[in-house]
Amino acid sequence: MARKNELPDFADEIARICADIYKRRKGVHYDASLLAETAGTLLKGVYAGYGKDFVSVGWDTPDLPMLSRLTQNVFSFSAAKNYQELRTITDALRDEDGKLRDFQDFKEEVGVINDKFNKVWLQTEYDTAIATATQSARWQEFKTEKAMFPFLRYQTAGDDSVRDEHRLLDGITKRVDDPFWRTYYPPNGWHCRCEAIQVPEDEAQETPEGSYRTPPVPELFRTNVGETGLIFPRTHPYYMGVPNMEIRKAIAYLPPENAYLELRGKRNVPVNLHVMHGVGELQGNLEVINDLIAVKPGIKEVSLLPEIHSKDNALKPKFYPDGWKFHNKDKNADAVVSFGNKAKWVVDIKRLQGNAGHLKKHLEKAAQQADYAIIKLSDEELKTGLNKLKSTVNFHLKITDLKGVIIIGNDGSLVYESYKIQPPIKK
């Protein structure tokens, strides 16, 4: 175990992998334990920099989807890093002449590789995770407060260690939504200490175009992490030559305790968020899940499922209840809802907003993905009338594989529920 303020060196994991590769004379593409340790270490840096984690973050704030994007990026990056590390270890099986090394020689080579990947480079990656997550959190504040503070000013650390190219940017003042920040929002390099600071409008003088020189920024940092959520973009060397499928598989094979992040819903019900759950649906799904917990007191736990590519269909059953029959193997359900009597529902979640007339379409989609549809309706949808709504729901229960439909109002109240067979649920 590492002492406080030290990073782990993964010595136990690497020793195990080293022995396994030498015994089999064959490499591996991923290792669940190594991936969990790598991603977990970097995620601690993200939390430290962002100042919030999934327990403390507000579900209805911009911080939630941003923290989810940062987390997904850390896991993908860690999977790519591990792939490169394991490939490098495998290459070390043989010496420069192509001859198999003896185990002791191989072990020493692996020690050098581990020092490089998990001491020197990991420290830089961890520091980058902290710095970038810090600036990402600040960007969410800048957007929220731009009516009061419409300008940002680029500011260096102001000492002799500042890079010459970053000095060129020092003092440049632009509006929050100016394209300048898409490229030059800090950090702009490894170990960059620059920052953007808020400037009140009455104290700001916008820097005119053409009055300053902009330096080249390394491609890896030519972005605004506060918008993209990418601490380590795909231009990072770790991603070179790594098939996307291997990254997806590595994350999918993580044990639940490493792949799910626990949040708390209403009634203190555990809501387990898989690190690869869809970011775009996250806030809406959490809102509806909280409403469901409120109207169905028997719920003991909810797991928000990962988005799994159709090319990786073989990985899907591990995330679903034993024996569950997929309606369409290419589709992903949103969640598994567990009740006190050990019953588990595979559910699809819809949050309908805007014009009426979409319920039928969404029931048809839900029937391809899950057994139960949990649908939160807009006020416009409810204006079509309860009788029509009931008729639409019950018709689709007859003609599809859906076992039940729960309709929730825009205010979170239970509007209607219907089932093929009334499920026994203990409160």
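Predicted model: local features only at pLDDT ≥ 70, side-chain atom pairs only at ≥ 80, totals over all residues.
Local features were considered at pLDDT of at least 70 and side-chain atom pairs only at pLDDT 80 or more, whereas totals for chains, interfaces and linings use all residues. Residues are numbered from 1 along each chain as its sequence is written, and side-chain values rest on heavy atoms, with hydrogens and water left out.

Asp9 lies in the segment before α1 (11–24), where helices are DSSP runs of H or I with at least four residues, numbered from the N terminus. Its relative accessibility is 31%, so Asp9 counts as partly exposed, a class between buried (under 20% relative accessible area) and exposed (over 50%), computed with a 1.4 Å probe on protein chains only. Apart from neighbours within four places in sequence, Asp9 is in contact (heavy atoms within 4.5 Å) with Asn114, Asn118 and Lys119. The C-alpha atoms of Asp9 and Phe117 are separated by 9.1 Å, although the two residues are 108 residues apart along the chain. The side chain of Asp9 also reaches the backbone nitrogen of Ala11 at 3.0 Å.

Helix α11 (residues 359–369) packs with helix α13 (residues 386–399) at an angle of about 25 degrees, their axes being 10 Å apart; the axes are lines fitted to C-alpha atoms over the stretch in contact, and angles run from 0 to 180 degrees between N-to-C directions. The two helices α11 and α13 are therefore roughly parallel to each other, a term for angles under 35 degrees. The contact is made by Leu359, Lys360, Leu363 and Glu364 of α11 together with Leu389, Thr392, Val393 and His396 of α13.

Note on methods. Polar contact = N/O pair within 3.5 Å; in protein donor to acceptor, adjacent residues only side chain to side chain. Parallel < 35°, antiparallel > 145°, perpendicular 65-115°, else oblique.
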